[in-house]
Amino acid sequence: MNKVVDFFKGLFKFIYSKIFLIQVVIAIAMLAILSYVALEWLESTTNHHQRIVVPSLSKKNLDEVEKILTEKDLRYEVQDSASFNPDYPRYSVIEQNPVAGSEVKENRKIYVTLNPSGYRKIEVPDVVLQTRRQAEPKLIAIGFKIGTVTYKPNMSDQVLELRHKGKKLEPGTMLMKTSTIDLVVGDGKGLKLNLSN
């Protein structure tokens, strides 16, 4: 028991001795110096304070994008485009991330979304034998435009056929979004005409 007590007394005596305290101070100073040197080295190798302002790539084609970003030590990656925007040239940048004006480090990848070559094709829905009031909103909602409406003698006021550029359209036909579809609609008077004869 005396040996254990003597060990702890000797340990406390050593901890509070000048030699131990000097070694602790030296160790802390060395740790601080090494930390400072390591942080300075990291800052210089990662260009911590060097930032590049991201340029605007809007309406630029890929050749222009590559040239602009290479000059600024930046990279790019093309992402799929969701939909055609008629306000932008075909195959030009319609969106970028990070946005123009952001500050980034050199060699940062800029993600660009390109405008496709045109609107995508969508299926013409079956609106034949529906009223004009039902058919028009359905066609407009999926992206078509309504052209001329021609009335044909018929006892109903339903859509009798769809036309595109003068040709009859079958439901299920694939047309470019924003295409104009003409309607041939019954005038609802056909039955009255037949009764009067």
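1. Let me start with strand 8 (residues 159-164) and strand 9, which run antiparallel and are joined by 3 bridges. Two strands are said to pair here if DSSP finds at least two bridges between them. Helices (H or I, at least four residues) and strands (E, at least two) are DSSP runs, numbered from the N terminus. Within this pair, His-164 stands opposite Lys-167 of strand 9. Please keep in mind that this is a predicted model, in which local features need pLDDT of at least 70, side-chain atom pairs count only at pLDDT 80 or more, and totals for chains, interfaces and linings use all residues. Residues are numbered from 1 along each chain as its sequence is written, and side-chain values use heavy atoms, with hydrogens and water left out.

2. The loop between strand 8 and strand 9 holds Lys-165. This lysine has a positive phi of about 55° although it is not a glycine. Lys-165 is also exposed, with a relative accessible area of 73%; the classes are buried for under 20% relative accessible area, exposed for over 50%, and partly exposed in between (1.4 Å probe, protein chains only).

3. Now the sheet around that pair. It is an open sheet of 4 strands in the order 7-11-8-9, and its pairing is mixed. Strand 7 (145-152) and strand 9 (167-169) are at the edges with a single partner strand each, so one side of each is left without a neighbour in the sheet. On average, neighbouring strands of this sheet are turned by 35° against each other, direction ignored. Axes are lines fitted to C-alpha atoms, for helices over the stretch in contact, and angles run from 0 to 180 degrees between N-to-C directions.

4. What lies across strand 7, strand 8 and strand 11 (180-186)? It is helix 4 (residues 132-141), which runs at about 160° to strand 7.

5. Strand 2 (residues 75-79) pairs with strand 5 (residues 109-114) in the parallel sense over 5 bridges, and Val-78 has Val-112 of strand 5 as its bridge partner. Strand 3 (residues 93-97) pairs with strand 5 in the antiparallel sense over 4 bridges, with Leu-114 of strand 5 as the bridge partner of Val-93. As a reminder, strands of a sheet pair through backbone hydrogen bonds, either parallel or antiparallel.

6. A few loop residues deserve a check by eye. Asp-87 sits in the loop between strand 2 and strand 3 and counts as exposed at 58% relative accessibility. Its C-alpha atom is separated by 9.2 Å from that of Lys-59, 28 residues apart along the chain. Lys-59 lies in the loop between strand 1 (52-53) and helix 3, has a positive phi of about 65° although it is not a glycine, and counts as partly exposed at 44% relative accessibility.

7. Which peptide bond is cis? The bond from Asn-97 to Pro-98 is, with omega near 0°. Pro-98 is in the loop between strand 3 and strand 4 (103-104).

8. In the model, the chain over residues 20-42 is 100% helix and 0% strand, with its end C-alpha atoms 33 Å apart.

9. Finally, the whole chain. The secondary structure comes to 5 helices and 11 strands. The radius of gyration is 38 Å, well over the 16 Å that the globule rule gives for 197 residues, so the protein is more spread out than a compact globule. That radius is taken over C-alpha atoms, and the rule is 2.2 Å times the number of residues to the power 0.38. The C-alpha trace spans about 130 × 55 × 20 Å along its principal axes, and 22% of the 197 residues count as buried.

Terms used
Contact means heavy atoms within 4.5 Å.
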